[in-house]
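Hi,

Here is the structure I said I would pass on.

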Amino acid sequence: MNLDNRLDALEARVRLLEDQLAIYQVMAAYGPAADAGETDQAVALWTDDGVYDLHTRAMVGHAEIARELEGEWHQGLIGRGSAHIVSMPKLEIAGDSAVATCHSRLYRREGDGDYRVISCSANRWEFVRGPQGWRVTRRVSRQLDGSAESHAVLAGGAASSEP
Amino acid sequence: MNLDNRLDALEARVRLLEDQLAIYQVMAAYGPAADAGETDQAVALWTDDGVYDLHTRAMVGHAEIARELEGEWHQGLIGRGSAHIVSMPKLEIAGDSAVATCHSRLYRREGDGDYRVISCSANRWEFVRGPQGWRVTRRVSRQLDGSAESHAVLAGGAASSEP
Amino acid sequence: MNLDNRLDALEARVRLLEDQLAIYQVMAAYGPAADAGETDQAVALWTDDGVYDLHTRAMVGHAEIARELEGEWHQGLIGRGSAHIVSMPKLEIAGDSAVATCHSRLYRREGDGDYRVISCSANRWEFVRGPQGWRVTRRVSRQLDGSAESHAVLAGGAASSEP
């Protein structure tokens, strides 16, 4: 293989590594933003018409996701103390799109030295690469309650809300 | 350094980065597979004769690990809702083998908005690179209960079951 | 672009990836060392005059951090069984310095199959690259209790103890 071809191959490999770490960064940015009340930062992780399909309803686009994060429930939660944490994901990247599978947990402060896990979910995140880098086109979260749907999300299949 | 040598050096560095992320992927794949009931996916992370040394007994090979995941206890657990989650590991890679040290936790659903941490363990994962990529040759988990053995696992030493 | 320039560009990109993973490794090393009672390993993650600003007081330098880890409270904790775990961080690297934002949790064993989350915090880690690689110059942790300060740490701003 000549030098030019070796460089081509190496550039492609480095780009894939950069993609993987860039997607980690997007996923790692959600929790801190959500728990800090930095709604703009949180919402900016999605594409303009991105979907956050959370348990029982799908929020579509920045305005709907922002309304949730600015709403009474979320504001009360972060006022007590909360942590939205995702696990290290299993990632599949294919060109300019990607899918991540992971768990998420929501911790809430109950009192001094006492935090409870009030939510533990199966997650599927879908990403697309655009002019602003990798962003979320759809995040699906389902409570881990033994349901077939939560298991399907963890198994990496398409979520049930798709045709 | 001539171009050829620079390329050689760069290829070696990129390969090490790929190895690190590939091992992350293996570790991130266990929980989703185990919690979804995808026994084949979970078991395939180990080499054919790989060991899962879990607290008080060592399962050897795919069939024994699969029997545990298909057994009454694990099936009951995932039927209620569970999350097997590992922390971001400390990794040491040496050629075609690697060792990861991390924590793991097992969350179980108790009721609406109520998940409990029923296990929290010290983990040592050993990997080997083979024709199918990185796979687990041995995973050791020990409950964090103050025991010298659990501390030794976290400290990165060889597990006590080795001579 | 000629081969030389392509190699220069690639080397810079690879170095940034190496930096990101090296910082992950530093962060992933703290918990196992702290929970195993390996004080020297834990302390060595900081620079000689590094700061661990934990909730209500700042420990400065290896000796002060070591005194905390060898003290009655921490030793009692790891004797019962504990897990100090950080979430996958959001990282910003600029040359030879870096900042990570993440959550941390402290789990303590209460009894058989019963672990509690006794601390859940906002974290800011500051790093510098030196002759021994990346080390921590300052780690700030603040309980997630709804305080403006904890939210500021998660939002990535400078911690309140800075002028």
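**How the chains fit together**

Chain A can be laid on chain B with an RMSD of 0.0 Å, by a turn of 120° and a shift of 0.0 Å along the axis (a least-squares superposition on the C-alpha atoms of residues with pLDDT of at least 70 in both copies). The two copies are thus related as by a three-fold rotation axis.

Before you go on, note that this is a predicted model, where local features need pLDDT of at least 70, side-chain atom pairs count only at pLDDT 80 or more, and totals for chains, interfaces and linings use all residues. Residues are numbered from 1 along each chain as its sequence is written, while chains are lettered from A and ligands numbered from 1 in the order in which they are written.

Now the contact between A and B. Chain A puts in 24 residues and chain B 30 residues (in contact means C-beta atoms, placed from the backbone, within 7 Å). On the side of chain A that touches chain B, the elements giving two or more residues are α1 (3-36), β4 (90-94), β5 (97-111), β6 (114-130) and α5 (148-154); helices are DSSP runs of H or I with at least four residues, strands runs of E with at least two, numbered from the N terminus. The most comes from α1(A), with seven residues.

That helix is worth a look. The 34 residues of α1(A) should span 50 Å at 1.5 Å a residue, and its end C-alpha atoms are 49 Å apart, which agrees (the expected span is 1.5 Å times one less than the number of residues).

How do α1(A) and α1(B) pack? Their angle is about 30° and their axes are 10 Å apart (axes are lines fitted to C-alpha atoms over the stretch in contact, with angles from 0 to 180 degrees between N-to-C directions). α1(A) and α1(B) are therefore roughly parallel, a term for angles under 35 degrees. From α1(A), the contact uses residues including Leu3(A), Leu10(A), Val14(A) and Leu17(A); among those from α1(B) are Leu7(B), Glu11(B) and Leu21(B).

α1(B) and α1(C) also pack at about 30°, with axes 10 Å apart, and are therefore roughly parallel to each other. Here Arg6(B) and Gln20(B) are among the α1(B) residues, and Glu18(C) is one of those in α1(C).

Cheers

Note on methods. Contact = placed C-beta atoms within 7 Å. Parallel < 35°, antiparallel > 145°, perpendicular 65-115°, else oblique.
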